[in-house]
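Me: I would like to go through some of the labels used for this structure and ask what each one rests on. Please set the value against the cut-off each time.

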Amino acid sequence: MTSIAPEIAQPAGRETILVRGVKKYFGPTRALDGASFSARAGEIHAIVGGNGCGKSTMAKVVSGILPVDSGTVSILGETPSTPAESRALGISTVYQEVLVADESSVVDNIFMGSDRLFSKTLSQDRKVARAAELMEELSGEPIDPHALVGTLPLGLKQWITIARALLSEPKILILDESSAALDFDSTERLFARMRALRDRGTTILIVTHRIAELVRISDRATVFRDGRDVGVLEKADITEKNLLRLMTGDDRSGGHGHAEAPVPTNSERAMKARKLAVWPNSKPFDFDLRRGEVLGIAGLDGQGQDAFVRVLAGVMSASQGMVQVASRDGSWQPVRNLAEAVANKVAYVSGDRKREGIFASLSIFENMVMPLYREKKRGGILGFIDRGTLSTLFKREADNLLIKFGVKEDRITSLSGGNQQKVLIGRGFAMRPDVIILNDPARGIDVGAKTELYRHLRNYAEEGRAVIYLSSEIEEFLGFATRVIVFRDGAPFDAFDGRGLEPKRVLEAMFGQTGGEGLASATFGLRPGAPQASGMAAASAEPLPGDGVRIRVDMPADLKPNPVSQVLPHAAGGSSPAAVDPSPEISASHARSIPAAKPIRIVEFGENGVRIEGGRR
């Protein structure tokens, strides 16, 4: 294999992948229509294009997963026809779907398929040590190799699939949307590993929708459109403008940086939470969501932002506190589970379509409109499904989101991953919610569809509804989010105004390098429009005058009916009790319970008025 210098502008090496005039059909669907493609040793080569353009199909052809209907395929001088033959040639693939066995351990998932039928490549102890070493190297944190994969977050599952591919030290590494489930920090570690492999002569083929990423990492890029290759760009020519021009066939600019983020016309609230804690040991905080705004949620992987949006959507329960949504009659209704969320017009769209989104055995049509079956029916007590109305709704959302499909009765698994995700987003819009919560929904979606999604969500907010949008890509918030809240350690760490948003400041907050002043802002903090900052922002308030450390004593009322008058006001604990809407059930249960004895909690405050964790009892 030809040795190359680290300078990527120099010629890389001999061709390791050569595909010419390949055609591939799935029934009436034309996935590849005479596509050609080549890659060299010692280069990072990107395949880019819109959803349904054939790029994932091409990756599967190179991997030996799919046979071609016509054309020629040469991989390292051979034509692999099965995954086993591809592995024998030195090809490793990380597929678009996160393929793990949730009921098995980390070590078993990483070494899955590495052993022969009657012999093992390594002893179990060496496997465990290798798995622990590889996962810490890739994820940046120690991972228990015996942990069940089903208990791990999506980002770590993605690292397991990448670790599995790297075990064999491949000559060709294919990454199909492999950074989609990774946050910024994890993506940077992946890029560093890719560059190291490239410099050793490995051919790396990446399929991605993240244009900003492939501009940074790719040595060459082949653009696909409608099953054909429409251009190859060298390193110096890989720009967003050139990529979009080839992807769309015109010179329109992508992104949404020119657009303005929606601004609420009043302070009317759509949702609120008081004394909310998403984890048992995280700090409680208050939260308000106004009608007419798009709220962006950001944070490094595993910092609590995912749990926060799930709590708001009723998908999981809060460790403490109550979430309430404003109903259309003006009353406040609790959201404690998914049924209450749906009943009160709160919709949730997950980015993990495999586990939480699609019904693989059902059609495209059924996957989008199934939640509306009870609402859209006719025939009185017979309850016939009104397929005519549902078909109209389906067509509207499919057109809005540019979903590519054959016929709507096809199984959803016949679609590309990006189009499957669009169906889930369309399902959320079809429910016509007052609050729509999207958990990293643009994972695997092409640039054109993202632009349409942002426009759709902005219009939705301008109609007086509210949008909560979690993303692992800071660039998604530019010109789109009214405000952005960054999470760390299970709680809000800082907040930013969406107008004039600086990605650098958001990134600094994600790494804990900002002061958190934004949380107290009456414009874009945790409670915008509130007369007084509350929740976590109160922690930065000026301390009351005094001559030393103050101690606040919380004494249960059933032990001492008349509380001490000298108890400190709520300097660091959030809003006053009067500002919280108590749950009737909680109040009733508290009144009925009269325990024999209760401890007295002593909470200490430092000279700056900040509560000292780990108070005495």
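Me: Why is Arg 198 called buried?
Reply: In this predicted model, Arg 198 has a relative accessibility of 7%. Buried means under 20%, so Arg 198 counts as buried.

Me: What makes Arg 198 and Asp 199 a salt bridge?
Reply: The closest N and O atoms of Arg 198 and Asp 199 are 3.1 Å apart. The cut-off is 4 Å between a side-chain nitrogen of Lys or Arg and a carboxyl oxygen of Asp or Glu, so the pair qualifies. By this rule the count comes to 28 salt bridges.

Me: Is Asp 199 called buried, exposed or partly exposed, and why?
Reply: Asp 199 has 33% relative accessibility. Buried is under 20% and exposed is over 50%, so Asp 199 is partly exposed.

Me: What does the salt bridge between Asp 434 and Arg 328 tie together?
Reply: The side chains of Asp 434 and Arg 328 meet at 3.0 Å, N to O. Asp 434 lies in the loop between α14 and β18, and Arg 328 in the loop between β13 and β14, so the pair ties together parts that are 106 residues apart in sequence.

Me: How do you know which of these two residues is buried and which is exposed?
Reply: Asp 434 has 8% relative accessibility and counts as buried, while Arg 328 has a relative accessible area of 57% and is exposed. The limits are under 20% for buried and over 50% for exposed.

Me: How do you know that the span of helix α5 agrees with its number of residues?
Reply: At 1.5 Å a residue, the 13 residues of α5 should span 18 Å. The end C-alpha atoms of α5 are 19 Å apart, which agrees.

Me: Why is α5 called mostly covered?
Reply: Eleven of the 13 residues of α5 are buried, including Trp 159 and Ile 160. What covers the buried residues includes α4, β6 and α6.

Notes: Residues are numbered from 1 along each chain as its sequence is written. This is a predicted model: local features need pLDDT of at least 70, side-chain atom pairs count only at pLDDT 80 or more; totals for chains, interfaces and linings use all residues. Side-chain values use heavy atoms; hydrogens and water are left out. Helices (H or I, at least four residues) and strands (E, at least two) are DSSP runs, numbered from the N terminus. The expected span of a helix is 1.5 Å times one less than its number of residues. Buried means under 20% relative accessible area, exposed over 50%, partly exposed in between (1.4 Å probe, protein chains only). Contact means heavy atoms within 4.5 Å.
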